[in-house]
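Biologist: Please take me through this model, and say for each label what backs it up.

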Amino acid sequence: MKKIALLVCLFCLLPLMFSGCSKNEEASVIKVAVCPTSPPNLYEENGKHLGMDLEIFEGFCQARNRRYSITSYDWQGMLGAVIGKQADVAFSAISITDKRKEVMDFSKPYMDNTWNLVSLKKRNLVIKDLSELKKYSIGYPRGMAYSDFIKNKLEPQGVYKLSDVKMYPTYNEVLADLKNGNLDLAFLDGSVASVYRKKMDIQDSYVFTGFDMFGFAFPKGSPLRDDFDRYLAELGPDKLKAIVNKWMN
Amino acid sequence: MALIEVQDLVKRFDGKEVLKGVNVLLSEGQSKVVMGASGCGKSTLLKCLNLLVAPTSGRIIFKGEDITRPGVDIHRLRQDIGFVFQHFALYTHLTVEENITLGLRKIRKMKTAAAREKAAFELERVGMFEHRKKYPAHLSGGQKQRAAIVRALAMDPAVLFLDEPTSALDPQMSREVVTVINKLYLDNITMFCVTHDPFLAKYISDSIVFMHEGVIVAEDIAERLFYEHDDPRIRQFYLSVIDHR
Amino acid sequence: MTFWNILLILVKGAGYTVLVTLASIGAGLAVGLLLAVLSLVRWKTVRLLLAAYTYVFRSIPVLVLLFIVFFGLPGMGIRIPPFFSMVLCLGLVSGAYLAEIFRGAMAAVSRDEITAAEAMGMKRVQIFLYVIWPQMFRMAVPGMTNEFTSILKYTPFAYTVGIPEIMKEAMSLAALTLRGLEIYLAVGILYYLIYKVFVVSFETLEKRFRIPGLAGE
């Protein structure tokens, strides 16, 4: 009986032990929240964080002589960490949207994320005019922002009907169907496309630009945001572009 | 010398008077049995005496102290009274030995080894030593009751209360238990027993109190109470319990 | 990358999964026991509070609670570290369930035995420690094992607050290698293994302390 009691006591103490482990970070260390499922902007390889966003941010830290500590969250956790001020900054291909702007501050956009319609290279499918789009089947996973885009932009222009789109559970199925020849075009964003391009022989058949901008996310009223924007200005568009291109291709 | 003196004890449950002014005396070394039909209040009387049930009015003098007064150390009082239940009430999760040593260790503050020794000695007296490592579920009813008696006795109480100790047992096991209690009787252990088993009553009592509807009707030794009293309530009760056997 | 490699990478996160589970079990036990003991108090205010607690924490989704604690409370100036947030949330929620399990087990302890302990002159604390607790604990084991496995299945939420457990390793690996099916299959296998270890160790514990004749046998 004593053993049970002891065991229970130990169990009860466990949480206390660990609560002592999380030390307060020094004020000068910038707490970074990322979601490492966004290659090439941010991902993990062999336990190391890598990616375009991190390279840009490391440049900032070097220039300002600041240190940072990085924590991986899932997507909503990362956004929550910035909103709740658990993190000083978040980056992992975060699109600047009006809704998000209500609860967090964004840096100036550092990358224009494209929306790509990709096809198999061997099909050599190039769309010069959107009116050709009708002839092909388009597919992407359910719940993506492309649905709004098609419904609000393409449908009124008579370019493509949402009801003609093939919906899939995930990109795995989309790309598998593309490979089998059951699907002509897959709708991906530029980041995702760059990943799949390394695995499969695909090419862009048409690229939409200018409406999905990535930014670094900061808590509301963060002074760090202004400093980061100044850094982006110092860096200049050319150098920034070079970094983006390096990771996108 | 009187160990327990009950004066005008009244107990009401929701307006119903179960004990209607009971007066009983139990001397040291005496063994007294309370008999009566079910519902006559005999079990309530017993439970009032160690305050498992709070009396409504009246006085209970235990070792010269009125225990119905407020501020009485109820735990100390109960530690001085051994209690044996109709349904044994052995602790299911403990072996026979542990059932007995629990009180010794936790209440009497004995060391485990000493408590075990004491338990072994008492178990030997009732022929239960070989069963000391068994759990209650593996014992017969008679064995359970013998273990329960030892549990109460091992605490060296001033008095042993027995609440229908044979009622849940078949005749064979019942005899087993009667034999054990009879032995205690012969050893002059002070006992206060509630039962409607005339066989038990006869073999373990110095005198028998007969209760009917919350009052004591008669008190006498077994032979006279059963065979010579002509109170129809006693006759009727005696015949009914005799038939049952 | 073979399936074996995938498993090896994910195992890194398994440590955190087990850690979060164990600590949450501890917190849940503490909360559940406290509530169960409090439920013995016949005070009306206490009863009302207990009922409210059970009602609230059994109805609120763990993820919502986690967001409130980790992302919401800092707005009020209360900052709780990630690991502790997770353990606190799981502890509060599972505590509500465990309290019910303990209460049921407590009610199953024979009234006669408690009376016997009272008649012996034991104080209330002693009765609880030596008669009620050892029996209710044993009777609660099946229910507890159930609740502990639910805790295990809630641990992927730890990733939400930045604890690198199995799902985090899996998701970042899947994003990079695009081999979701194999990776999540490996995740399933890992969870199954952890689950099995938990269940087996509890069964062993139960067998070790099993008592003939005790309810729940």
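Modeller: The model is predicted. The globule rule gives a radius of gyration, taken over C-alpha atoms, as 2.2 Å times the number of residues to the power 0.38.

Biologist: What makes chain B agree with a compact globule?

Modeller: For 245 residues the rule gives a value near 18 Å, and chain B has 18 Å, so the two agree. Along the principal axes, the C-alpha atoms of chain B fill a box of roughly 50 × 45 × 35 Å. Chain B has nine helices and 10 strands.

Biologist: What share of the residues in chain B is called buried?

Modeller: The label needs 20 or more other C-beta atoms within 10 Å of the residue's own. In chain B, 46% of the 245 residues are buried. As for contacts in chain B between residues at least 6 apart in sequence, 64% join residues at least 24 apart.

Biologist: What makes up the contact between chain C and chain A?

Modeller: On chain C, 34 residues are in contact with 34 residues of chain A. Helices that each supply at least two residues to this side of chain C include α1 (3-38), α4 (82-107) and α8 (180-208). The most come from α1(C), with seven residues. By class, the side of chain C that touches chain A has 25 nonpolar, eight polar and one charged residues.

Technical notes. Residues are numbered from 1 along each chain as its sequence is written. Chains are lettered from A and ligands numbered from 1 in the order in which they are written. This is a predicted model: local features need pLDDT of at least 70, side-chain atom pairs count only at pLDDT 80 or more; totals for chains, interfaces and linings use all residues. Two residues are in contact if their C-beta atoms, placed from the backbone, lie within 7 Å. Helices (H or I, at least four residues) and strands (E, at least two) are DSSP runs, numbered from the N terminus. Ala, Val, Leu, Ile, Met, Phe, Trp, Tyr, Cys and Pro count as nonpolar, Asp, Glu, Lys and Arg as charged, and the others, Gly among them, as polar. A residue is buried if 20 or more other C-beta atoms lie within 10 Å of its own, exposed if 12 or fewer, and partly exposed in between; C-beta atoms are placed from the backbone.
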